[in-house]
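Okay, thanks for coming, everyone.

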Amino acid sequence: MDMRSISPPGRARPHVFPKTQRDPEPFTYFTERNFENITQVNELPPELRFDMQVVSSVLPFKVNSYVVNQLIDWSDIPDDPIFQLTFPQKGMLTEDHFNRMAALLKNDAPRKDIKEEANRIRLELNPHPAGQTTLNVPTLDGEVLPGLQHKYRETVLFFPAAGQTCHSYCTFCFRWAQFVGMSDLRFAAKEASQLKEYIRRHPEVTNVLFTGGDPMVMKTHKLEQYVEPLLDPALEHLQTIRFGTKSMAYWPQRFVNDPDADDLLRMFERIIASGRSVAVMAHYNHHRELETSLAREAVRRIRDTGAVIRSQSPVLAHINDSAGVWELMWREQVRLGIIPYYMFVERDTGAEHYFKIPLVKATKIFREAFRHVNGLARTVRGPSMSATPGKVEVTGMSEVNGEKVLALRFLQGRNPDWVGRPFFAKYDEEASWLHHLKPAFGQEKFFFEDELARMTDEKMKEVDAA
Ligand SMILES: *Cc1c(COP(=O)(O)O)cnc(C)c1O
């Protein structure tokens, strides 16, 4: 397709995005099948390599050459945060799960037995948390739209079928199940037309979030097939197109010297020329990911288009569970022109027990880092749980009439009326998720519980009928 033919009228010349001359590097990656070919892995003790094999038989594993060669500090194994972020670790399985899988591998069990055991273990790891598969699925003319989620009034999530993988996998990923072939857990959309039609009929929708996987694994021409229809003036209520992506950390070449990097930036410009904004929702888990020259160049080139970059990450044991890491990360982001957006709490799925941090500790880390940065970094909110009723922030700890409490509030709610209303839970040092918390002040239920139950019932009926 001739790019210029789909540019909006009045735009004379595509922007030129200057870049440092660098040879394009082909994208190469490793998985559980060939990771022993990584030179640096080959030099690790055999026990460690066996542990990796066991864990990667159950949990997804994929890492690319840029992460291996430019992000991981191989003199600091196993503690290096990026190694923990991308490579399987023994503790990511419970002892029982680990031993069951290790026994099969030691005895050279048939592939079929290994697969079956892996699937049994996976089903014990809460593969689809927070009612994602049914509760958030929208319908069009009584038909379920599998590639869309619509949980919060103004925002539609879109999962393009070709964007359901990533440049590397995060070991903590809450969407891990879709990467190990539990295909009924994938929420992929094949059609762009349904997205457009859904948004056209929902004037309350102001923004669409392309997500995955990682939509940036898609070639630009493929992404354009989904994006261009949304630039139609008939969708005037659509203000912003967002892209949720880890590529700025894992494969910044996507925006710098991949063959279609410039085309992607021009696509951002066309969105902006249509009177909308582009928000790149960048997943950065550690300041290290911002430190390479490629990573910085990616940020600069994206910002040159007029797109805004906002950052988000969960707080995770072994990776970023110290206030110092967050403080440095937010400082560096502000310096580069990235807007700190969310600190999340790790969801209750997959290797959760390995990464889990009690809410009280997460709140302390947040506050300690927040206190030490200037106001420009304090756009960040959290720690926030994406739970069934909504995004719930732990605002802080307090004492009211002698009772220790956690102050909470909805940042997003399945019912928008819930947003911003403070509520209180009993102080609990162990709790690591919303459903562990009990209401404070002797109340029986949190204010939203009855209504949530009603909404759940109604949604179940709607989806069953479709
Ligand atoms: C986080 C999230 C969004 C986006 O929420 P914002 O607060 O607008 O960033 C939208 N839909 C779902 C299901 C989400 O979990």
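By pocket I mean an open set of points on a 1 Å grid over the protein atoms alone, where a 1.4 Å probe fits, with protein on both sides within 12 Å along at least five of seven lines. Points are joined across faces, edges and corners, and a volume is the space filled by probe spheres set on them.

Quick word on the source: this is a predicted model, where local features need pLDDT of at least 70, side-chain atom pairs count only at pLDDT 80 or more, and totals for chains, interfaces and linings use all residues. Residues are numbered from 1 along each chain as its sequence is written, and side-chain values use heavy atoms, with hydrogens and water left out.

So, the largest pocket holds about 760 Å³ of space. It's lined by 23 residues (lining means an atom within 4 Å of a point), and E32, R33, S56, S57 and R111 are the closest to its centre. Elements giving two or more residues are β1 (29-31), α2 (46-56) and α6 (111-123), and α6 gives the most, six. Helices here are DSSP runs of H or I, at least four residues, and strands are runs of E, at least two, numbered from the N terminus.

Now the second largest pocket: about 370 Å³. Of its 18 lining residues, L135, H150, K151, K459 and E462 lie nearest the centre. β5 (148-152) and α17 (449-465) each supply at least two, and α17 has the largest share, with four.
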